[in-house]
Amino acid sequence: MNHNSRLLTLSLILLSFFTLSSNSLAQNPIPNPGFEEWSGGEPIGWNTINQSVLGTSFICATRDQTNPQSGTSCLRLETVTHNIFLVGPVTMPGIVSLGEITLDILNQTGTVEGGVPIDTQPNMLHGWFRYQPSAGDSCIMGIGFTKWNGASRDTLAYSYTVIGGQNPNWQEFSVPIEYLIWEVPDTMNIMFFSSNILNGDPISGSKLWIDNLTLEYGPVSVSNIALKDEPTLRYRPDGTPVILMNSKDVKTEISIYSADGSFVNKQMPNHGQYEFSLETRNLKPGLYLARVQHDNGHFSTLKFIRF
């Protein structure tokens, strides 16, 4: 990153969701899915990062009524750069979320928590988009679901897609949901980013339009279902991934791989350790695989996100 600019780094929390049955007639649980209703500069039911910092206004999410895909309006997200007094240039991607966004722009940190209630089991997020990136940028569309287990939140599933290239006309998009834990969710979050913050700096000027969102139902893809004796993964409130191992009697080692299959490092829980927090401080943000290998020959593979 150029030393004359500052990048706002967000803790990307793509929450999760899970399916037990299908129901093609289920009601769409996404609030304000066509972005028709607005109040105070934000789409009702959604949260954005629009705010003022030391007198400088960052308006990254706006209502566009000039060319909606359907209805009378759509959502427009834009990555913007402004100079903040005594700080310098700050670049922020346009972000919208069903969860609550908390930002500290000066310290370049942020979190997203919560979402909206859900008690149905979709298998895909569907909608329409237009995208005009700057200098090779790309956008992110994500959905996820969690469930409260009595002490903390389990990540049941998460899915996201990254789209680049010039897409000036409305096009359909779909984000298939891949399930990790076999339980019914209680909370859903959906997020859109005008820049790819997982793969470099956001680029000022990238614009993303979103409209007409729906959840689809039908046959689902299940990956890494948590069986009785299989390890499971959840996240601490600070985003640290934690592996819970049901096999307490065996010695275990955990190998970390990047999404392209490259080996990253090996981590060793203590013998018989049930709860192990993965060390991720030296990992770049993105998707990783954790191969949990026991000395009895059994192994499992879990996916996790470095926020």
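These questions and answers walk through a predicted model.

Reader: How many bridges join strand β8 to strand β21?
Author: Strand β8 covers residues 74–78, and strand β21 covers residues 207–216. The two run antiparallel. Bridges joining them number four.

Reader: Which residue in β21 stands opposite Leu-75?
Author: Strand β8 spans residues 74–78, which takes in Leu-75. Its antiparallel partner β21 spans residues 207–216. There, the residue opposite Leu-75 is Ile-210.

Reader: Is Asn-189 buried or exposed?
Author: Asn-189 is found in strand β20, residues 187–193. Its relative accessibility is 2%. Buried means under 20%, so Asn-189 counts as buried.

Reader: Which residue has its backbone nitrogen reached by the side chain of Asn-189?
Author: Asn-189 belongs to strand β20. Its side chain reaches a backbone nitrogen at 3.0 Å. That nitrogen belongs to Leu-98.

Reader: What distance separates the C-alpha atoms of Asn-123 and Tyr-179?
Author: Asn-123 lies in the loop between β14 (116–117) and β15 (124–132). Asn-123 counts as buried, at 13% relative accessibility. Along the chain, Asn-123 and Tyr-179 are 56 residues apart. Their C-alpha atoms are separated by 9.0 Å.

Reader: How many disulfides does the count come to?
Author: Cys-74 is buried at 0% relative accessibility. Cys-139 is buried too, with a relative accessible area of 0%. A disulfide needs two cysteine sulfur atoms within 2.5 Å. By this rule the number of disulfides is zero.

Reader: Which kind of aromatic pair do Phe-173 and Phe-192 form?
Author: A pair of aromatic rings is described by the distance of the centres and the angle of the planes. The count comes to five aromatic pairs, including Phe-173 with Phe-192. The centres of these two rings are 6.0 Å apart, with 80 degrees between the planes. Planes over 60 degrees apart count as edge-to-face, so this pair is edge-to-face.

Reader: Which strands hold Phe-173 and Phe-192?
Author: The two residues are 19 apart, and their pair links distant parts of the chain. Phe-173 is buried at 3% relative accessible area, and Phe-192 at 0%. Phe-173 is in β18, and Phe-192 is in β20.

Reader: Which residues form one aromatic cluster?
Author: Phe-173 and Phe-192 form an aromatic pair. The cluster takes in both, along with another Phe. Its members are Phe-129, Phe-173 and Phe-192.

Reader: Which kind of aromatic pair do Tyr-288 and Phe-304 form?
Author: Tyr-288 lies in strand β28 and Phe-304 in strand β29, so the pair ties together parts 16 residues apart in sequence. Both residues are buried. Their ring centres are 5.6 Å apart, with 20 degrees between the planes. Planes under 30 degrees apart count as stacked, so this pair is stacked.

Reader: At what distance from the ring centre does Arg-130 lie over the face of Trp-209?
Author: Arg-130 lies over the face of Trp-170, at 5.9 Å from that ring centre. Arg-130 also lies over the face of Trp-209. For Trp-209, the distance is 4.1 Å.

Terms used
Residues are numbered from 1 along each chain as its sequence is written. This is a predicted model: local features need pLDDT of at least 70, side-chain atom pairs count only at pLDDT 80 or more; totals for chains, interfaces and linings use all residues. Side-chain values use heavy atoms; hydrogens and water are left out. Two strands pair if DSSP finds at least two bridges between them. Buried means under 20% relative accessible area, exposed over 50%, partly exposed in between (1.4 Å probe, protein chains only). A polar contact is a pair of N or O atoms within 3.5 Å; within protein, one must be able to donate a hydrogen and the other to accept it, and residues adjacent in sequence count only if both atoms are side-chain atoms. Rings of Phe, Tyr and Trp (its six-membered ring) pair if their centres lie within 6.5 Å; planes under 30 degrees apart count as stacked, over 60 as edge-to-face and the rest as tilted. A charge sits over a ring if NZ of Lys or CZ of Arg is within 6 Å of the ring centre and within 35 degrees of the ring normal.
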